[in-house]
Amino acid sequence: MSPGKKSLLLILLILIIDQALKIWVKTNMQIGDEIALFGNWGKLHFIENNGMAFGMEMGGKAGKFILSIFRIIAIIGIGWFLVRLVRKNANCGLILAVSAIMVGAIGNIIDSAFYGMIFSESFHQPAVLFPPGGGYSSFLHGKVVDMLYFPVINTTWPGWSPFRPGESFIFFRPVFNIADSAITCGVLTILIFQKKMFKDLS
């Protein structure tokens, strides 16, 4: 299979899994609901955010709109770069890593662009897909669905600690989604293997 076909297959696979899980969570859970995956080590924990990856925020409707436009521009730029890599027969690992970054960005912009138009709110009950009265928001103002939560360490600071003694300590608090994971894995792969990936790229 050519690198181009592998790239397309990876994009479709990640996008389908990302959107299928988001839609399932949105229509079967309400904000704050949890389902244990690995005891207390991993959970489906449904939240929504207005901002960037891992629940980070960018203020207000104007910030949300700017972020959405930035994402669209970034997707176009990454797509252009990916096509160039495929045409140059670049390192297959680099092509797949860039593909993962691009599909992650696409997965989250779908939420921002369309979820507000096609879903009802998720407070107090699971959302309805295509509700009769319309969605909870307008184009580019939807919320990103996050659900993957892995509080690997969930304890309290010891009483003698100079940092917040007796207070809760959770290692890895972010709640994220498949799209966020794809972006992170793609970026880390490029950082770790950049010498090999860019060796023959001119």
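Analyst: Start with two helices. α1 passes α3 in a right-handed crossing. A crossing is right-handed if the near helix is turned clockwise from the far one by less than a right angle, and left-handed if anticlockwise. The axes of α1 and α3 cross at roughly 35° and come within 9 Å. In their contact, 15 residues are nonpolar, five are polar and four are charged. One caution: this is a predicted model, where local features need pLDDT of at least 70, side-chain atom pairs count only at pLDDT 80 or more, and totals for chains, interfaces and linings use all residues. Residues are numbered from 1 along each chain as its sequence is written, and side-chain values use heavy atoms, with hydrogens and water left out.

User: How many helices and strands are in the chain?

Analyst: Helices (H or I, at least four residues) and strands (E, at least two) are DSSP runs, numbered from the N terminus. This chain has four helices and six strands. Along the sequence they follow the pattern α-β-β-α-α-β-β-β-β-α.

User: At what angle do α3 and α4 pack?

Analyst: Two packed helices are described by the angle between their axes and the distance between the axes. Here α3 covers residues 92–118 and α4 covers residues 178–197. They pack at about 155°, and their axes are 8 Å apart. So α3 is roughly antiparallel to α4. Axes are lines fitted to C-alpha atoms, for helices over the stretch in contact, and angles run from 0 to 180 degrees between N-to-C directions. Under 35 degrees is roughly parallel, over 145 roughly antiparallel, 65 to 115 roughly perpendicular, and the rest oblique.

User: Is the crossing of α3 and α4 left-handed or right-handed? And which residues make the contact?

Analyst: The crossing of α3 past α4 is left-handed. Contact means heavy atoms within 4.5 Å. On the α3 side, the contact includes Gly93, Leu94, Ala97, Gly104 and Gly107. On the α4 side, Ala179, Asp180, Gly186 and Met197 are among them. By class, this contact has 13 nonpolar, six polar and one charged residues. Nonpolar covers Ala, Val, Leu, Ile, Met, Phe, Trp, Tyr, Cys and Pro; charged covers Asp, Glu, Lys and Arg; the others, Gly among them, are polar.

User: Where do α1 and α4 come in?

Analyst: Their axes come within 8 Å and cross at roughly 145°. α1 gives Ile14, Ile17, Asp18, Leu21 and Lys22 to the contact, while α4 gives Ile178, Ala179 and Ala182. That contact divides into six nonpolar, no polar and two charged residues.

User: Is Asp18 buried or exposed?

Analyst: Buried means under 20% relative accessible area, exposed over 50%, and partly exposed in between (1.4 Å probe, protein chains only). Asp18 lies in helix α1, residues 3–28. Asp18 counts as buried because its relative accessible area is 2%. Neighbours within four places in sequence aside, Asp18 contacts Gly107, Asn177, Ile178 and Ala179.

User: What does Ser99 touch?

Analyst: Ser99 sits in helix α3. With a relative accessible area of 0%, Ser99 is buried. Leaving out residues up to four places away in sequence, Ser99 touches Ser7, Leu10, Ile11 and Leu82. Ser99 and Ser7 are 92 residues apart in sequence, yet 5.9 Å apart in space, C-alpha to C-alpha.

User: How should I read Ile69?

Analyst: Find Ile69 in helix α2, residues 60–87. Its relative accessibility is 30%, so Ile69 counts as partly exposed. Ile69 and Ile109 are 40 residues apart in sequence and 9.2 Å apart in space, C-alpha to C-alpha.

User: What is phi of His124, and what is phi of Leu140?

Analyst: Most residues other than glycine have a negative phi. Phi of His124 is near 75°, a positive value. Phi of Leu140 is near 70°, also positive. His124 lies in the loop between α3 and β3 (144–149). Leu140 is found in the loop between α3 and β3 as well. His124 is exposed, at 76% relative accessibility. Leu140 is buried, at 4%.

User: What share of the chain is made up of buried residues?

Analyst: Of the 202 residues, 37% are buried. The chain exposes about 11,300 Å², and carbon and sulfur atoms supply 70% of it. Accessible areas come from the Shrake-Rupley method with a 1.4 Å probe; for residues, only the protein chains shown count as cover. Now take the contacts with a separation of 6 or more: 64% of them join residues 24 or more positions apart.
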